[in-house]
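Subject: Structure handover

Hello,

Please find the structure below, followed by notes on what was found in it.

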Amino acid sequence: MQAFKAALRIVLNHPVYLLVYVGFLSCMGVFISASINSGVADDGSYTATKVPIAVVDRDQSELSESLTAYLGETAELVDVADDSFAMQDAVATGEVRYLLVIPQGYGEDYLEAARTGAVEPTLESTYSFGTMAGTLVDEQVNQYLGLVRATAALEPDASVPSVLARADQAAAESADVETVQTPNGAKPADRFAFYLQWGSYTMTAAIVVCVGLLMSAFNRTDVHRRNLIAPVSTLRLGMQKAAACLLVTLAVWAITCGIGLAAFGSSLGGVPLPAVALVLATALVFSLVPLSIGFFLGQIGASEMVANAVGNIAGMVISFLGGAWISLDLLAPEVQTLSRFIPTSWYTEAIGQAIHLTEITPETVLPILGNIGIIALFAIALFAVGLAVGRLNLRSAEAGGNAGAKAAA
Amino acid sequence: MFNVFKGALMVLTRKRELFIWSLAFPILLSTMFMLMFANLDDATAFDPVATAVVTDAHYDEATAFSSVIDELGEEGDDQLLDIQTFATVDEARNALTAGEVIGIVSVEADGTPKLAVSPDSGGLGVEQIGRTILDTVMNTYVRNADLLASLAADNPLALADPDLVEEALTHGNATVQVSLTHSTPVQSVRYYYALLGMAALFCGQVGMLAICETQPNLTPLGARRAIGATSRGKTLVATLAASWAISFACLLVAFLFIRFVVGVDFAGREGMCVVAIAVAALFATSLGTLLGSLPKVGFGVKTGLLTGLTCLLSLFAGLYGEPCMDLADQIAREAPVLAAVNPAKVVTDAFYSLYYYDSLVPFAEKAGILLVMTVVLFAVSALFVRRQRYASL
Amino acid sequence: MHIVDVNNLVKRYKEVVALDHFDLHIEPGEVFGLLGPNGSGKTTAINCILQLLTYDKGEIKLFGEKMTPTRYDLKRKIGIVPQNVAVFEELTVRENIDYFCALYVEDKQKRRSLVDEAIEFVGLEDYTKFRPRKLSGGLLRRLNIACGIAHKPELIFFDEPTVAVDPQSRNSILEGILRLNREGSTVVYTSHYMEEVEEICTRIMIMDQGHALATGTNDELKAMIGTGERIRVEVNALDDALLGTVRALPNVLGATFDGTALEAACTNGTHNVSDVLGVLATAGVATGRIYAEPPTLNDVFLEITGKALRD
């Protein structure tokens, strides 16, 4: 029991890691997950997207004002000052995806050109990144100006207000749109799934650091030798250390899942209970992978600093390569192939499948269990490597005498 | 003094664990970004919207509508739709369900055009904007038709000349695309800038370690050095200069990697970027000095503090993806002071200023803010490190 | 002129008085020993003298001049071998010595020969390219010493340099200290091992709880106390009456019986052993082994403080 208690005390003496990795990273996961699907309509219907745009109106004519009013309906107007830096900022940060400048005299010139059939003046538009959104707004601008132009061309004598009124009236019409329900559409429960997928980073970083810390404290050559000499069998000592590592792992898993359930539990209404249990079980099995990595680090005698760095960086890399940050479909094929050698990709896949289970049958559950099995194999393989390395290390010259020097110092 | 500098340089370069954070980390993360963003900028760039058109008898009858759709689907620079034709509505629905198309365009028995799309997928996603473009295209047709109908009712003479009607409805593009910024906005570059911001903060570790080994109250080594016949000021300046040099070198390598291996665009202002890095490294050194000189705090806790602080500040510099970036932008707009005191954000913005603004003034401002923060941190640290004698060791 | 001149030094750590009106005067050329149990204030005194610690009262002069943290001219003449090994883990043996030497000696050529000498002095020739981590405890101590003496200081402080060192390394360290002294350095040596202090120091100060209890040469210190000879006789049994008889002997200062042996502290005399044995023989007590020793510094400490040095 003594070793078990001491091991736990070592971890608890480094609360910074638990706080930063479990607490802070989980909260970040909640934040990212909460915003990632924020646009999903609850009733599952289609509504037109309103792109954030800005209109810098230097004309202040009837036309420019009614164009602005129209864009206020189809897009989301953001106020941007008519100032070079402000306009550059708005476009460069994507605050607005489209910025339209209406120069002075434009309204008059445009209507004049339309009435006489001359070439109409053009407006300067600026796209932010993602030209898709810019194209949409540009289409909307063209649509409205087209209505105005057609009216003015066909009724050259009509007054400006009557031209605009007719254009506005036409613009009030809209085409029929039907929403077709598709099976693979996004679900609210996806947020929880995404949170847990991101959690592969949280759990990896936290568990690797804590377990690595605990193991390395015991494996410091002098302490290790002292433990070997003590009248407690190596097996019992090992079991106690393992129990402590496992407890730390379980705690990290529980906190990670707990925060996720607290934040997104309400969205799990449509998911059957066994499916939720399967999701949590997948996370638990996955948490054994960082446990093995931490064990491995401890076996090779990594220092606290190394455990910290490896935990954080390995966590980032394997969660990324596993598709937790960005869907694997968006990555290059080579990366997708590589990701099959990373347990996280099996993990994200299992989570994604399990959260979408609608009925629990052997056919639906077995592939998920297969994925979980593969994750477990990764954990076991890493653990075996750790054990083997530990054996080699025990007999090497390094393990021997010079620790005394350090102790004396 | 040169000997102390050389010694500190030698000691610090041999602390391999330092380079994990200061060098390996930014390179690794930028490699990850490279993989991650390889398709991102393309993915949000415009592609003609995949559209299913049901070419049944009703569609063929509605010639006015079908000609508009056909025109939008013609290949060319202004192609808006990528049309796939289906004979029946059911076939088109299968394609929609399979995700091959974004929406289905068809014509009802009464001649009215109709659009069918899958539900909202939220935000400014490519599919969702594709749906809205389709919707807009349909609206344009419906609205033009409505305009003609209302004219026909109020002023039939206006429509007397079919050529004029034809001409009135066809028009060139009413807008021309221009760029306001020094370089075209690219979403991904900002993540690399934020990454450099994070790397800069991590470099604080160099100064932190270096200062711990000069402080008599922190390490026996510090005590031994304090007894030496080299003045305290010289020791500190030489040590910090070595920390700065290492931070600068690490950031420079990370920068060169991002510039030449990842291929991120720095708008041809690489020279100024090096200046930015030099200033960022100086700030990192001052941050490390402050953390390192905190009395009565263990080294492990200091490392934890620096890691936590770096992650937190990087979050508000927008490093961790789009929601974070939006949050960071929002803070910058609504609470510019908060953004100005976040060094991760300021470093990010320094690069960003070089990239987007024509003028170098915004860059000079950011660099100035960093220098002021550096001076403040050094001044506070001085309260801790200027002491030569301690009440207890 | 005193090379070290400390008057009325008072140092408090909150409630604890670490140095209580402490005086220390060391002459050039001495090997001066500060002897006292752990926590008696030896290291605190050195750290105050070297201006690492603030102190509450008192005056410290080195080489006849007032010592302050910025007297680099004075610091240049001082070497320190601290109690804890203080070297860079990242630098090799040679680089470490060179680094610390460079804090005192700017000239590169001069330093090279000084570093060579220091390496030879501590016998680390075979290890110059090793990092400290690879050195055994004894070698690490020697490196620690080399870093403190390479610049040939006139005044060297050795703060417990032999703690946790094997006897062989210990002997070479003590020999080295004497050699440095012969070459002209004044040495201040702290230890809680009285044998070492007795062996090498020309003058000794005994310290306890921040006080200087006594100062003098080895012989002077021993002369200060009454005990001139300590006699120990192994006996199986001894009754109180007989113990009283032993105590009543004119030269005996005190006597105890611990169940296996009689121990008597005597003043200087020529026939103390025969007197004690005579009493035992008269009473018919069989004796085992008999020891008679001159007093040690432990006796001095014992007599002044009432407790043994090695607690």
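A residue is called buried when its relative accessible area is under 20%, exposed when it is over 50%, and partly exposed in between, using a 1.4 Å probe and protein chains only. By that rule C:Lys14 counts as exposed, because its relative accessibility is 78%.

Some conventions come next. This is a predicted model, in which local features need pLDDT of at least 70 and side-chain atom pairs count only at pLDDT 80 or more, while totals for chains, interfaces and linings use all residues. Residues are numbered from 1 along each chain as its sequence is written, chains are lettered from A and ligands numbered from 1 in the order in which they are written, and side-chain values use heavy atoms, with hydrogens and water left out.

Helices (H or I, at least four residues) and strands (E, at least two) are DSSP runs, numbered from the N terminus. Contact means heavy atoms within 4.5 Å.

Chain C

Chain C has eleven helices and 14 strands. Its C-alpha trace spans about 75 × 45 × 35 Å along the principal axes. Of its 311 residues, 52% count as buried. Taking contacts in chain C between residues at least 6 apart in sequence, 67% join residues at least 24 apart.

Two loop residues of chain C deserve a note on phi. Most residues other than glycine have a negative phi. C:Lys14, in the loop between strand S1 (4–13) and strand S2 (16–26) of chain C, has a positive phi of about 50 degrees although it is not a glycine. C:Gln51 is not a glycine either, and has a positive phi of about 65 degrees. C:Gln51 lies in the loop between helix H1 (42–49) and strand S4 (57–62) of chain C. Whereas C:Lys14 is exposed, C:Gln51 is buried, at a relative accessible area of 2%.

How many disulfides does the structure hold over all chains? It holds zero, where a disulfide is a pair of cysteine sulfur atoms within 2.5 Å. For C:Cys101, the closest cysteine sulfur is in C:Cys147, and at 9.6 Å that is too far for a bond. C:Cys101 counts as buried at 0% relative accessibility, and C:Cys266 counts as buried at 1%.

Domains of chains A and B

Domain bounds come from an automatic or database domain assignment. For chain A the assignment gives domain 1 (2–40 + 185–395) and domain 2 (51–172), with 53 Å between their C-alpha centres. For chain B it gives domain 1 (2–39 + 186–385) and domain 2 (50–171), with C-alpha centres 54 Å apart.

Helix packing

Axes are lines fitted to C-alpha atoms, for helices over the stretch in contact, and angles run from 0 to 180 degrees between N-to-C directions. Angles under 35 degrees count as roughly parallel, over 145 as roughly antiparallel, 65 to 115 as roughly perpendicular and the rest as oblique.

Within chain A, helix H1 (residues 2–12) packs on helix H8 (residues 190–219) at an angle of about 125 degrees, with the axes 9 Å apart. H1(A) is therefore oblique to H8(A). Residues of H1(A) in this contact include A:Ala3, A:Ala6 and A:Ile10, and those of H8(A) include A:Cys210, A:Leu213 and A:Phe218.

Also in chain A, the axes of helix H6 (residues 131–154) and helix H7 (residues 160–171) come within 9 Å and cross at roughly 130 degrees. H6(A) and H7(A) are therefore oblique to each other. Among the residues making the contact are A:Tyr144 and A:Leu147 of H6(A) and A:Val163 and A:Arg166 of H7(A).

One pairing joins two chains: the axes of helix H12 (residues 304–321) of chain A and helix H2 (residues 16–37) of chain B come within 11 Å and cross at roughly 0 degrees. That makes H12(A) roughly parallel to H2(B). The residues that meet include A:Met305, A:Ile313 and A:Phe320 in H12(A), and B:Trp21, B:Phe25 and B:Met36 in H2(B).

Seven of the eight residues of helix H11 (residues 220–227) of chain B are buried, so H11(B) is largely enclosed by the rest of the structure. Among the buried residues are B:Leu221, B:Arg224 and B:Ile227. Their cover includes helix H1 (2–14) and helix H12 (232–262) of chain B, together with elements of chain C such as helix H3 (93–102) and helix H5 (137–149).

B:Glu75, in the loop between helix H5 (63–72) and strand S2 (81–86) of chain B, counts as exposed at 75% relative accessibility. B:Glu75 and B:Pro48 are 27 residues apart in sequence, and their C-alpha atoms are 9.4 Å apart in space.

Regards
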